Amino acid sequence: MTEEINKEELKQKILEHLAKKPWQVRDLAKVLRVKKKELDKIVQELIAEGKAAYWSSGSTTYVTTKEKLEEMEKKRSGT
Amino acid sequence: MPVVDGVELPETPLLDELEKGPWPSFVKEIKKTAIEQEKAMKAGKKIKLPGAAKGLLKVLELAYKDKRTHWKHGGIVSVIGYGGGVIGRYCDLEDQIPEVWHFHTIRINMPAGWFYTTKALRTICDVWEKWGSGLTNFHGSTGDIILLGTRTEYLQPCANALAYADQLYGGVPFDIGGSGSDLRTPSACMGPALCEFACYDTLKACYEFTMRYQNELHRPMWPYKFKIKCSGCPNDCVAAKARSDFAIIGTWKDEIQIDQEAVREYAKVIDIEEHVVKKCPTKAISWDGKELKINNRECIRCMHCINVLPKALKPGKERGATILIGGKAPFVDGAIIGWVAVPFIPENELIEKCCEMLEAIWEWWDEEGKFRERVGELIWRKGMDEFLKVINQKADVRMVYAPRNNPFIFWRELNE
């Protein structure tokens, strides 16, 4: 139960960071002081839940919130 | 405005220069697509991206005129469950050329060895004419089928149409390939399916890696890209040693197989001394007019003699592969050839040993690698000694650094 609460808290923290800018998971893991592998799994869950999404430059990939992504796409496409 | 087959094309004096000459021209192909698209529209066919090919001609012409690109690169990957395979691209001339305002690329996982039935090709073309520009690129440098140009809202329907092509159209289904910080679509030469030199089953290896590592292929989580290429013999037709982080190059351990009768047959039409003996880089071959001898201890597997006398010479019977690590082909620095990490793995152990190694390498690289650092660069930074511990190998004199580091340059002596 405690673990679940901690995970939910962590998810919330991750989303707060992702809402500010797109992140490379490894950088976010350092900031949050979480093992990268653990963060990989949580980020996958957030993506599956539709709360986070990928942004790709073609060669490298970032993760951000769905809202931030839409905002970025609007800017990028010039609308 | 030039009119071809009743279709008006934009004025493109600069692009027209690229149509001149007897060779194929991408400008010709784009113009043909523009004409076909317009004819199809006039015939009442519904086209999702009307005028895309015409728009592309206009953007290209302007790019040549302005001497700068009008593309903005990167964006959303809007296919559910996928983090790669779509490369966002927008045009900064949305007011002038709205037809190509969104022009995203989709990478499609090609079959191992690039074998297609006509039905499979028709499926891809039909889906792409429906959901995209109709322009393709066979193939990208990693080997994927590249579908050039669609809008964000058509990415998911296009991916669905390809994935369920068998159920929807009775076609051949295809999956999206890799892009971004993930495992790129593994590729292989045609191997034993069409080539007598193949020292292992490249197609099987490529298929196994693709199926086993679907998560790594579609969910980018690494510091940067990672490429696997399978070449069946040292001819290295997929340029694995120069274009992949993990190159699996077929080779043999024992002696080159010689059919002396076939050599004598060749001798009637080929000057063996001139074209085979003298061309051997290690002078390992001798020919007395009756018998060809090879000092196999000196052979460096350059494949020249086998290529010249394919009916008479064959790779040895004890076959397997050499693994090279850290190759890549960046634009600025030029090709960096992989480093021999494992000199020989027997064919029957190859796939499992490769998988063991790949998983250990990924774990280490994911932990230690910096942002946009390829595995080869991490080895330079940390040292081969540390890398060999990761893959559980002992240093060996055969672990040559960048073997054949100029394989693609053909030069003549200055005095020739």
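# Reading salt bridges, helix packing and backbone angles

Analyst: In this predicted model, the side chains of B:E38 and B:K54 meet in a salt bridge, with 3.1 Å from N to O.

User: Are B:E38 and B:K54 buried or exposed?

Analyst: Both B:E38 and B:K54 are buried, a word used here for a relative accessible area under 20%.

User: Where do B:K32 and B:E29 lie, and how many residues apart are they?

Analyst: Helix α2 (residues 26-42) of chain B contains both B:K32 and B:E29, which are three residues apart, or about one turn of the helix. These two residues form a salt bridge whose closest N and O atoms are 3.2 Å apart.

User: Which residue forms a salt bridge with B:E153?

Analyst: The partner of B:E153 is B:R151, and the closest N and O atoms of this salt bridge are 2.8 Å apart. B:E153 itself is partly exposed, with a relative accessible area of 42%. Salt bridges can also be linked to one another, and in chain A a network of them joins A:K7, A:K11, A:E45, A:E49 and A:K51. Over all chains, the count comes to 33 salt bridges.

User: How should I read the packing of two helices, and at what angle do helix α2 and helix α3 of chain A pack?

Analyst: In general, two packed helices are described by the angle between their axes and the distance between the axes. Here helix α2 (residues 25-32) of chain A packs against helix α3 (residues 36-48) of chain A at an angle of about 115 degrees, and their axes are 9 Å apart. Angles of 65 to 115 degrees count as roughly perpendicular, and α2(A) and α3(A) are therefore described as roughly perpendicular to each other. The crossing in which α2(A) passes α3(A) is right-handed.

User: Which residues make the contact between α2(A) and α3(A)?

Analyst: On the side of α2(A) the contact is made by A:V25, A:R26, A:L28, A:A29 and A:L32, while α3(A) contributes A:K36, A:L39, A:D40 and A:V43. Sorted by kind, the residues of this contact are six nonpolar, no polar and three charged.

User: Turning to the backbone, what is the phi of B:D5, and where does B:D5 lie?

Analyst: B:D5 has a positive phi of about 50 degrees although it is not a glycine, and its place is the loop between β1 (3-4) and β2 (7-8) of chain B. A positive phi, near 55 degrees, is also found at B:D236, again a residue other than glycine, which lies in the loop between β11 (228-231) and α9 (240-243) of chain B.

User: Is each of these residues buried or exposed?

Analyst: B:D5 is exposed, with a relative accessible area of 57%, whereas B:D236 is buried, with a relative accessible area of 5%.

User: Which peptide bond of chain B is cis?

Analyst: The peptide bond from B:F138 to B:H139 is cis, with omega near -5 degrees, and B:H139 is placed in the loop between β8 (135-138) and β9 (145-148) of chain B.

Terms used. Residues are numbered from 1 along each chain as its sequence is written. Chains are lettered from A and ligands numbered from 1 in the order in which they are written. This is a predicted model: local features need pLDDT of at least 70, side-chain atom pairs count only at pLDDT 80 or more; totals for chains, interfaces and linings use all residues. Side-chain values use heavy atoms; hydrogens and water are left out. Axes are lines fitted to C-alpha atoms, for helices over the stretch in contact, and angles run from 0 to 180 degrees between N-to-C directions. Helices (H or I, at least four residues) and strands (E, at least two) are DSSP runs, numbered from the N terminus. Angles under 35 degrees count as roughly parallel, over 145 as roughly antiparallel, 65 to 115 as roughly perpendicular and the rest as oblique. A crossing is left-handed if the near helix is turned anticlockwise from the far one by less than a right angle, and right-handed if clockwise. Contact means heavy atoms within 4.5 Å. Ala, Val, Leu, Ile, Met, Phe, Trp, Tyr, Cys and Pro count as nonpolar, Asp, Glu, Lys and Arg as charged, and the others, Gly among them, as polar. Buried means under 20% relative accessible area, exposed over 50%, partly exposed in between (1.4 Å probe, protein chains only). A salt bridge is a side-chain nitrogen of Lys or Arg within 4 Å of a carboxyl oxygen of Asp or Glu.
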